[in-house]
Amino acid sequence: MSKRSPHDVLVIGAGVVGAACAYYAARAGLAVTVIDRGPVAGGTTGAGEGNLLVSDKEPGPELDLALLSTGLWQTIAEQLGEQIEYEAKGGLVVASAEAGMTALRAFAAEQAKAGVVSTEIPGDRLAELEPHLAPGLAGGFHYSQDAQVQPALAAAHLLRASGASVRLGETVTAIRTGPSGEVLGVTTDRGRIDAPAVINAAGTWGGDLAALAGVALPVLPRRGFVLVTEPLPRIVRHKVYAADYVADVASGSAALQTSAVVEGTPAGPVLIGASRERVGFDRTLSVEVLQRLAANAAALFPVLRTVAVQRAYRGFRPYLPDHLPAIGADPRVPGLYHACGHEGAGIGLAPATGLLIARQLTGERPELDLTPFRADRFDEAAA
Amino acid sequence: MRRTPAELVGARPEPGHTIDFDGRPIPALPGQTIAAALWAEGILAWRTTRVNGRPRGAFCGIGACYDCLATVNGQASQRTCLLPAEPGTTVTTQEGHGRADLAV
Amino acid sequence: MPTSPSERPAPYDLAVIGAGPAGLAAAVTAAELGLRCVLLDAGPRPGGQYYRHPAPGLGAAHPERLHHGWSAFTGLTGRLAASTVTHLTEHHVWTAEQGDTWRLHATVGAGSTGSAVVEAKAVLLATGAYERQLPFPGWTLPGVVTAGGAQAMLKAGLVLPGRRIVVAGSGPLLLAAASSLVSAGAGVPAVVEAGNYLGYARGLGTLAANPAKLVEGAGHGARLLRGKVRLRRSSAVVEAHGTDRVTGVTVARLDAEWRPVPGTERRIDCDALAVGHGLLPQIELATELGAETVLTADRTVALKVDDGLRTSLPGLWAAGETCGVGGADLAIAEGELAARVIAGAPVPTALRRRRDRRRAFAGLMAAAHRPGPGWTDWLRPDTDVCRCEEVSVAAVREAVEELGATDSRTVKLLTRAGMGWCQGRMCGPAVACLSGSSELRPDSRPLSCPVPLAQLADGS
């Protein structure tokens, strides 16, 4: 007779997605252990801006996930709001010309059918929302459901609130499976941990972890840089971005794309994004990217020309070919669950991801159909 | 009578001038930094911090620590340990980030 | 100003970043060997921190009275004036881009009012060092300054932070600083050194091979004796007192691990405190590109170089403090050696020996002044660790003990310690220590200094 393991679930990855998985699994009554080879928030989470966005998502499975998450973040914020710097600041998407407004209008109308709330702001009223915006813009859309958290704090406090056992600086070297291929636990550089369920929340390294279980998951890194200004008073109230950002997010191009994304933070600095490029895990600072980010931001907010850029950081968004994350049970390996590949939306989508997996773990009906997020969908595409 | 730094190096400075610190004239010598001119007057703080409102002035003296920031000629967050105290320079004690005028 | 491709000048053979002892020696040597050389430096005059000296307007007839080895400096500036070196003052390089040629991006002027891009086939990093600080209660009070800062303000501006200045911390810079302060008329009631100097005894052979160092130390000692300065070894300032400026300090004896010994506290009245714990190599321009590093005997991170002072990155050399702190004589020897290697000229045996000897001595000094782990005992929960973002010891400990931070980076993400204007230069060693991380990694500093956003925007 084998002794029952004290662990019901092992979560691999202490980023925000892993933390949310731990949080909801623990609330469902499961004994959770989180393992990460680094510290908490050591990967993409620590390099993110903390966006909780619905505004940039077209109707479809990802938007459904985002809308579910928006509500969950509000609930989380009732408890942890201040610690995680939760701000229901709203998003403002702006267009420089009338053609852009026409596209935004059509996009917003489609989103409205899915439950996204937005308001058209004519060009001459943009200054009421954002006094420092450049004059002469054609207009924009205000999205009241967009919000922000400080991502590393969000991961750390969710993890603490989960009450899970946390093992940092420990590397998973194998996922052990039984005679019928079912998960038995993992082996790490410190020993063996048995558990009937393993959640792959390894972000950019999710593909490597899936490979340890003998299955393919084509997670790729998409590099992004963020510029950080000197500490300032609140000069940007919303998350403000240019209309072309939506197209860049949805694009699969390997080439460098930059679009203006500007937002303030409770701590003072203004964060300036966003760039996307597929260059593997190259960490080298790209002066060209920094220059383009600065130029885009200054075009939206000319006042930023008078401030100093204090630092820049880079991160790698974990991305799957169809831009949807892998969420839920892997039909190929019983007991293996995936929670990775959220690209640049992992902070926002984390609670829904965690909740849906907890539902599967406890045999309850998930709030959303998880079929679009199945990890084996790329096998099928290849077949 | 103790020796002064100027006496030690046999300094024969060119004619001095003044800078303005919070409305008060402060003597300065050609080539001195703003921080040096303020130290010479016994002034050690010309900034208050963003979070706790505590006084600060020059700490590292070589431009590395950014503690000596002040508003100089209307421009916030200037390193006074590097900027020369030129005739007519106006130095204002900086409160916090020094950019309150931008707040919306 | 950025130049358009059509008017872009041919790249220099060599760009030397930093015009301190190492950079000056390298630039003049390289130019004398026929290289087209550009020397970029953040300061308005050559010399770096070590040879910092008054502006011409102050009319100092005897700047050498505030310096050791002044003639070496005047020798170098004489050669610089006679050379073909292009000396770009007030150019702070904020990043180095590696391509077919190097592109150095600089912000220009003390107020960062201009910008420049300089291209070169090879780069020598001679960016020197800045002072290591360990926090203690009261260290943010006005009147508490760095030991190097007190010296810098004295050497360049002929000013003092007070009349009665306690000098504290550890490392050879303390004696030099105290000696300058006394010469310039300040009262120095005590030099408080955390180390016990016994470390030197283990390497007497190395010390004997560096007689100049003995003479320098003896000179400081004699001046300090005349100034009636009391040297307290194995002791530290564990608190600075005052409300809006420092009015006194508490000094306590330390055990071998640098833990304050209860009951040994003694108060010393003063109106300024000059404090520092040795120097930290300033190497982010190289480490951001992935250059390999080594850990020095006093637990600082320096660039890894080979016999020819090549870093692990092709086309990038390093000399002086960037390879591990060792003082001006070593820096000059390394600058000259690197320039010779870059120019393909032979390295005289005497030069190599001089360099190796001084490098060995630097290692000895570093070992003697390595901070002991017990220093954190003098912290209080409300002591600010990060001066810029005002992050307390309690906040850092919460991040480590309760929120899952196991290294400096995560402490920074969770508390903002190290995220402010100085980018962790002042709090970095303390945060690393409090994070409990066993490995010391170079600080991440993608921009070596703040850059006006307009300069970035207009560069595209």
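How many bridges pair strand S4 (residues 91–98) of chain C with strand S5 (residues 102–108) of chain C, and in which sense? The two strands pair over 7 bridges, in the antiparallel sense. Here strands (E, at least two residues) and helices (H or I, at least four) are DSSP runs numbered from the N terminus, and two strands pair if DSSP finds at least two bridges between them. A hairpin of 3 residues joins S4(C) to S5(C), and Glu97(C) has Arg103(C) in S5(C) as its bridge partner.

Before going on, a word about the model: it is predicted, so local features need pLDDT of at least 70 and side-chain atom pairs count only at pLDDT 80 or more, while totals for chains, interfaces and linings use all residues. Residues are numbered from 1 along each chain as its sequence is written, chains are lettered from A and ligands numbered from 1 in the order in which they are written, and side-chain values use heavy atoms, leaving out hydrogens and water.

**Two sheets in chain A**

Let us turn to chain A. One open sheet has 6 strands in the order S8-S2-S1-S12-S19-S18, with mixed pairing. Strand S8 (165–168) and strand S18 (326–329) of chain A each have a single partner strand, so one side of each is left without a neighbour in the sheet. From one strand to the next, the twist averages 20°; such angles run from 0 to 180 degrees between N-to-C directions, with axes fitted to C-alpha atoms, for helices over the stretch in contact. S18(A) pairs with strand S19 (residues 336–340) of chain A in the antiparallel sense, over 4 bridges, and Gly328(A) has His338(A) in S19(A) as its bridge partner. Helix H9 (residues 346–361) of chain A packs on this sheet, touching strand S1 (9–12), strand S12 (197–200), S18 and S19 of chain A, and its direction makes about 170° with that of S19(A).

A second open sheet of chain A has 3 strands in the order S9-S10-S11, with antiparallel pairing. At its edges stand strand S9 (172–177) and strand S11 (191–194) of chain A, each with a single partner strand, so one side of each has no neighbour in the sheet. The twist in this sheet averages 25° from one strand to the next. S9(A) is joined to strand S10 (residues 183–188) of chain A by 5 bridges, and Ala174(A) stands opposite Thr187(A) in S10(A).

The size of an interface is often given as the accessible area lost when the parts come together. The table uses buried area (accessible area lost with a 1.4 Å probe, summed over both parts), contact (heavy atoms within 4.5 Å) and salt bridges (a side-chain nitrogen of Lys or Arg within 4 Å of a carboxyl oxygen of Asp or Glu).

| Interface | Residues in contact | Buried area | Salt bridges |
|---|---|---|---|
| Chain B and chain C | 46 residues of chain B, 56 residues of chain C | about 4,100 Å² | 3 salt bridges |
| Chain B and chain A | 8 residues of chain B, 13 residues of chain A | about 890 Å² | 0 salt bridges |

Arg54(B) forms a salt bridge with Asp244(C), their closest N and O atoms being 4.0 Å apart.

How values were computed
Buried area = accessible area lost by both parts, 1.4 Å probe.
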